Amino acid sequence: MNQVDRIVSDLKHLKRAKAKVADLAREQLDAGHEPHPVSSAVMAALGEVISRREAEYDAAAEMFSIPKGFNSLGEFAVAVVNFARTDAGLKDHRLVLGAATGAGSAIPSAGGFAVPDQYASDLWMAVYDTSRLLRLCDRQPMVTERLKLPAIDETSRATGSRHGAARTYWMSAEGVAPTASKPQFRLVELELRKLLALIYATNELVQDVPALGAWLRRIFGLEAAFEIEDAIINGSGTDRPLGLLNSDALISVAAESGQAAGTVVTANVEGMWERLWAPSRRTAIWLAAPGVERQLQGLTISSGTSVAQLLTYGPDGARLLGRPYFETEYNPSIGSAGDLILMDPSAYLIGEQAPEFVSSIHAQFVEDETLFKFRYRVDGGPAWRTPITPKNSNTTQSPYIALAARE
């Protein structure tokens, strides 16, 4: 074993040890306990040793003209493929040198190689670039497995109930003390779920480094965006995010008396708009199943002597009552509950970890194809717990509205 190989071997073991200590500390934090002081001391000591050995590697790499980083996602993927094919120890030093030290998935024996930061960020952006719904949600970066966000516990907008019972007063006389109030809060908890993406590539594609990188980015973005957006609508909240259709904050607008099965009428749309939380009308969007658009075409709304189309088209696409309208594969089939949804995506939380912790890659071989596995962690859920009752009204409102079944 030469000098460079010895340094890389040492770094592999040191980073694995540091990752295990970091995982233990994270588990203590998730359980609500402060990490043991010894953990911090061990982490600091390992960090110093790793820094010294990395400096030694830099000097050796310069002496022997060894590259220290990957030039593209495709080049990184090919290095992982070659590692899996040789099965005789690490052949590319960069796979260890580029590994993150704060997570067990950074080490091959613990489950894969961490995607280099710049390419992990690029993969994650590909998810948002190809999405229509996900990019509009409220993103919350996460550094631990769980994130608890304080939220106001509000079900009514009546005086004394707004903002969890916060109060303001007009003072009519000096020296008169206002009635004390104690706002009520609740916690919105996000717990990272694991999503695994499997992408096949022909061995010919693997040999074309630029094309491989572009292929992985495109397919990963499309498939991950589809799964997450489907969960935003239909998720159970167990092994995936909680979807709107399973949320207690959802309001279902009933069909009109005598309405035919599978139809959408003007009163349905007006009723959904009426139940939408008024501040959400600036940011709300419509999501619809295939076939709903045909039902909406030709529907009108009257105002005095003027008549306007409910569904309009422009350079930026379709709009229903002035808000963006999207046909999706996530809505249930036409006539089913939720085939037409009106929602404010900014009232839906998406928790995600920093890219260097959430993406890892493996390779295995099936006949003439290579299978890449990407893993990352994400969670989501509605920011509202229940609908609220506006002041001077008995009709509840919510940022999440669905049309009930017409079967």
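**The loop around Ser333**

Mentor: Ser333 lies in the loop between strand E12 (323-327) and strand E13 (340-343), where helices (H or I, at least four residues) and strands (E, at least two) are DSSP runs, numbered from the N terminus. The model is a predicted one, in which local features need pLDDT of at least 70 and side-chain atom pairs count only at pLDDT 80 or more, while totals for chains, interfaces and linings use all residues. Residues are numbered from 1 along each chain as its sequence is written, and side-chain values use heavy atoms, with hydrogens and water left out.

Leaving aside its neighbours within four places in sequence, Ser333 is in contact with Ala289 and Asp339, contact meaning heavy atoms within 4.5 Å. The C-alpha atoms of Ser333 and Pro290 are 7.3 Å apart in space, although 43 residues separate the two in sequence.

The ring centres of Phe226 and Tyr330 are 5.1 Å apart and their planes stand at 70 degrees, so the pair is edge-to-face; rings of Phe, Tyr and Trp (its six-membered ring) pair if their centres lie within 6.5 Å, and planes under 30 degrees apart count as stacked, over 60 as edge-to-face and the rest as tilted. With Phe226 in helix H8 and Tyr330 in the loop between E12 and E13, the pair links distant parts of the chain, 104 residues apart. Tyr330 is buried, at a relative accessible area of 11%, whereas Phe226, at 29%, is partly exposed; buried means under 20% relative accessible area, exposed over 50%, and partly exposed in between (1.4 Å probe, protein chains only).

E13 belongs to an open sheet of seven strands with mixed pairing, in the order E6-E17-E13-E7-E12-E11-E10, where two strands pair if DSSP finds at least two bridges between them. Strand E6 (251-253) and strand E10 (311-314) are at the edges with a single partner strand each, so one side of each is left without a neighbour in the sheet. From one strand to the next, the twist averages 30 degrees; axes are lines fitted to C-alpha atoms, for helices over the stretch in contact, and angles run from 0 to 180 degrees between N-to-C directions.

The pairings of E13 can be followed residue by residue. Four bridges join E13 to strand E7 (residues 285-288), and these two strands run antiparallel; in this pairing Trp286 has Leu342 of E13 as its bridge partner. E13 also pairs with E17, in the antiparallel sense and over three bridges, and here Leu342 stands opposite Ile401. Strand E17 (residues 400-403) pairs in turn with E6, in the parallel sense over three bridges, and the bridge partner of Ile251 in E17 is Ile401.

Helix H8, which holds Phe226, has a further link to follow. Six salt bridges are found in a search of the whole structure, a salt bridge being a side-chain nitrogen of Lys or Arg within 4 Å of a carboxyl oxygen of Asp or Glu. One of them joins the side chains of Asp129 and Arg217 at 3.3 Å, N to O. Asp129 lies in helix H5 (residues 117-129) and Arg217 in helix H8 (residues 209-234), so this pair ties together parts that are 88 residues apart in sequence. Asp129 is partly exposed, with a relative accessible area of 45%, and Arg217 also counts as partly exposed, at 26%.

Another salt bridge is formed by Arg139 and Glu352, whose closest N and O atoms are 2.7 Å apart. It links distant parts of the chain, with Arg139 in strand E2 (residues 138-142) and Glu352 in strand E14 (residues 348-353), 213 residues apart. Arg139 counts as partly exposed at 34% relative accessibility, whereas Glu352 counts as buried at 9%.
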